[in-house]
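Student: Could you take me through one part of this structure slowly, namely the way its helices pack against one another?

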Amino acid sequence: MQIIAHRGASGLAPENTLKAMSLALDLGAKAIELDVQWADGELWVFHDRRLERCTNGQGVLTGQSREYLASLDAGDEERIPTLWQVMALVAGRCELHIELKGAHTAEPVAALTRRAEAELGFTQAHWIVSSFHHPELLRFKGLRPEIRIGALTASLPLDGAAFAETLGAWSLNCDVDFVDETLVADAHRRGLKILVYTVDEVSDGIALASMGVDGIFTNRPDRFS
Ligand code: G3P
Ligand code: MG
């Protein structure tokens with residue numbers, strides 16, 4: 001079962017910061033998940049729609065200027081990193097699960113993954129691009145069909161893993177609160193991997209592994225190494 005550091009090693013350092021990414025690499029992570037949003041011509045690695053929980057700033061991230069976002073403290077005096085800064089840090093040393101948060105992300109992520117392959121030692125196989133925003137995910141697939149995509153759901157769909165197959169996904173990424181053996185079997189029957197978020201307890205990890213789950217997103221990669 002693959003272990004994916006969720007927002008970096010976010011149980012040990014401020015989430016989605018370079019410190020969290022660096023710590024995940026130090027812990028030997030083979031894969032890191034991060035969230036990206038588009039604001040003022042830049043891709044920012046940040047989870048929430050609003051800035052208050054994770055920074056000393058205020059407001060909706062996508063409405064802010066580059067100067068303002070770059071000035072904020074994202075915890076432990078870390079800055080909100082850009083996707084390019086994280087890519088430069090990781091430099092092909094592990095897989096990156098890039099989660100598209102909302103609109104206007106597919107095109108810049110397609111462009112930046114191409115540039116990182118040319119300049120930072122990544123290959124196409126290093127990326128898994130995922131989203132709850134299925135139209136944006138489909139847009140990304142149209143731009144870079146050779147890159148694996150992960151179809152996210154926060155619910156248990158009536159038709160099981162069918163939506164992920166329709167999207168042409170490599171994986172179905174689902175919530176630990178809803179995953180069950182029927183969904184795992186349905187995903188596998190359709191040739192899909194099944195990845196589960198967010199799993200911080202080792203006992204939950206063991207139960208999911210025995211259910212046949214292919215990977216987990218965890219804030220505590222240290223517990224699963
Ligand atoms: O990609 C797995 C997980 O990150 C999806 O949910 O809200 O933590 O981005 P969220
Ligand atoms: Mg995420």
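Tutor: Before we look, a helix axis here is a line fitted to C-alpha atoms over the stretch in contact, and the angle between two axes is taken between their N-to-C directions, from 0 to 180 degrees. Please keep in mind that this is a predicted model. With that in hand, begin with H4 and helix H5, which covers residues 134-143: their axes come within 9 Å and cross at roughly 35 degrees, and the crossing is right-handed. On the side of H4 this contact is made by Ala 106, Glu 107, Val 109, Ala 110 and Arg 114, while H5 contributes Glu 136, Arg 139, Phe 140 and Leu 143. Sorted by class, these residues comprise five nonpolar and four charged ones, with no polar residue.

Now turn to the contact of H4, residues 106-119, with helix H3, residues 83-90, where the axes come within 11 Å and cross at roughly 25 degrees. Because angles under 35 degrees count as roughly parallel, H3 is described as roughly parallel to H4. The crossing of H3 and H4 is right-handed, and the residues that make the contact are Leu 83, Trp 84 and Met 87 from H3, together with Val 109, Leu 112, Thr 113, Arg 115, Ala 116 and Glu 119 from H4. In this contact six residues are nonpolar, one is polar and two are charged. If you compare the two lists, you will find Val 109 of H4 both in the contact with H5 and in the contact with H3.

Terms used:
Residues are numbered from 1 along each chain as its sequence is written. Chains are lettered from A and ligands numbered from 1 in the order in which they are written. This is a predicted model: local features need pLDDT of at least 70, side-chain atom pairs count only at pLDDT 80 or more; totals for chains, interfaces and linings use all residues. Side-chain values use heavy atoms; hydrogens and water are left out. Helices (H or I, at least four residues) and strands (E, at least two) are DSSP runs, numbered from the N terminus. Angles under 35 degrees count as roughly parallel, over 145 as roughly antiparallel, 65 to 115 as roughly perpendicular and the rest as oblique. A crossing is left-handed if the near helix is turned anticlockwise from the far one by less than a right angle, and right-handed if clockwise. Contact means heavy atoms within 4.5 Å. Ala, Val, Leu, Ile, Met, Phe, Trp, Tyr, Cys and Pro count as nonpolar, Asp, Glu, Lys and Arg as charged, and the others, Gly among them, as polar.
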